[in-house]
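Here are my notes for someone opening this one for the first time. Have a look at the picture, then read on; I start with the place where the chains meet.

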Amino acid sequence: MVTLRFVSYHEIENLSSVGRIRKLLNIAKEDKIVVLQGKLRKEEEKELIKATMEEINDEFKGIELAVIDDTDDEAKGLAWVKQGVINQLLGDRKGLTIIGPASIVKEIKKDPKKIELFTEDFRRRKKKRL
Amino acid sequence: MNRIFRDLFAEKKHIKLGLYGPPNGGKTTLANRICKDWIGEEMGSVSNLAHETREIQIKEQVNIKSKGKELTFNLVDTPGIATKIDYEEFLKAGMKEAAAKKRAKEATKGVIDSIKWLDNMDAVIVVLDATEDPYSQVNITIIGNLQARDIPVLIVANKVDLKKARLMKVNDAFPQYKVVGISAKYGNHMEEFYESLFDLVR
């Protein structure tokens, strides 16, 4: 059975970077797939990978990580202005972050606005889509 | 902003040029190709098994010349950055358990070292396997962090000699960066690569 744990941005908003990483990693280490509203800062993504490496052992094999950022890089004119306003208002609340324990999530594919998450069951030809 | 970096480089004696990317993208193969082309010797060992490079390797004072231009840098080959390392994958490749666990342990330390060194680079070549999905979060995280620190980036789509290689897909994934398709193994398109390197750091 796969357990998804939704984390609203509100839950991590006031945490330090270390606190955010610790919270998300602890959930993944409980064999739950984290679905985070929004995204970490780039620096925090890097630190999450580092913290993950520090904790890898015979049981915990690491994580699969994917971020969907719904920013349209090719927006022009009014759409560009609208996007700028939304970015200012929402900041890191925009998008979606998936963090899954590597023992359960075998692979995450992005293409690039869609995430496909392949769990251990994939080998039995089952696929979870988010 | 590029001009500021060029001015900085002009005054620097030792430019640190980092090779970054996921495991098995061909970083060490490219490092070897550069070193063989300009120094006549290889830099490190390569393998089909992931995490062959588990320590930072530095080749100092690599001097390259092209079309009247000259560039000297310290080449820093880094262990591949990954979000997971499973010693059982090494077992499947035929390693003994103790050796597989040792390799996994060293690989995790290698990833940490790569990340620690990231901010110290003057310019970075991100080496991607052109046959793999370029949208992998590791690629995006590496490039995003370099961008946040205004560190110049050149993306190399390696292994274009393979039928499965998709150079356009790499281009589409990173439209704001120069992408050069090469085969480090066979030395294909290295002239274009060296030209792009001059553009990156001069």
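1. Between chain B and chain A there are 13 residue pairs in polar contact, both residues at pLDDT 80 or more. A polar contact here is a pair of N or O atoms within 3.5 Å; within protein, one must be able to donate a hydrogen and the other to accept it, and residues adjacent in sequence count only if both atoms are side-chain atoms. On the chain B side that touches chain A, α3 (87-92), α4 (97-118) and α5 (137-148) each supply at least two residues, and α4(B) gives the most, with seven. (Helices are DSSP runs of H or I, at least four residues, numbered from the N terminus.)

2. A word on the ground rules: this is a predicted model, where local features need pLDDT of at least 70, side-chain atom pairs count only at pLDDT 80 or more, and totals for chains, interfaces and linings use all residues. Residues are numbered from 1 along each chain as its sequence is written, chains are lettered from A and ligands numbered from 1 in the order in which they are written, and side-chain values use heavy atoms, with hydrogens and water left out.

3. How much area do chain B and chain A bury between them? About 2200 Å², 57% of it on carbon and sulfur atoms; buried area is the accessible area (1.4 Å probe) that two parts lose on being put together, summed over both. In chain B, Thr83(B), Lys84(B) and Gln137(B) lose the most area to chain A, together 28% of what that side buries.

4. The contact (heavy atoms within 4.5 Å) takes 24 residues from each of chain B and chain A. There are six salt bridges between the two chains, each a side-chain nitrogen of Lys or Arg within 4 Å of a carboxyl oxygen of Asp or Glu. Asp86(B) and Lys61(A) form a salt bridge, at 3.3 Å from N to O.

5. Now for the inside. The largest nonpolar core has 54 residues, and Val126(B) and Ile155(B) touch the most other members. Such a core is a set of buried Ala, Val, Leu, Ile, Met, Phe, Trp, Tyr and Cys residues joined through side-chain atoms within 4.5 Å; buried means under 20% relative accessible area (1.4 Å probe, protein chains only). Beyond four places in sequence, the contacts of Val126(B) include Tyr20(B), Ile142(B) and Leu146(B).

6. Asn32(B) lies in helix α2 (residues 27-38) of chain B. Asn32(B) is buried, at 5% relative accessible area.

Notes. Buried < 20%, exposed > 50% of the residue type's maximum accessible area, 1.4 Å probe, protein only.
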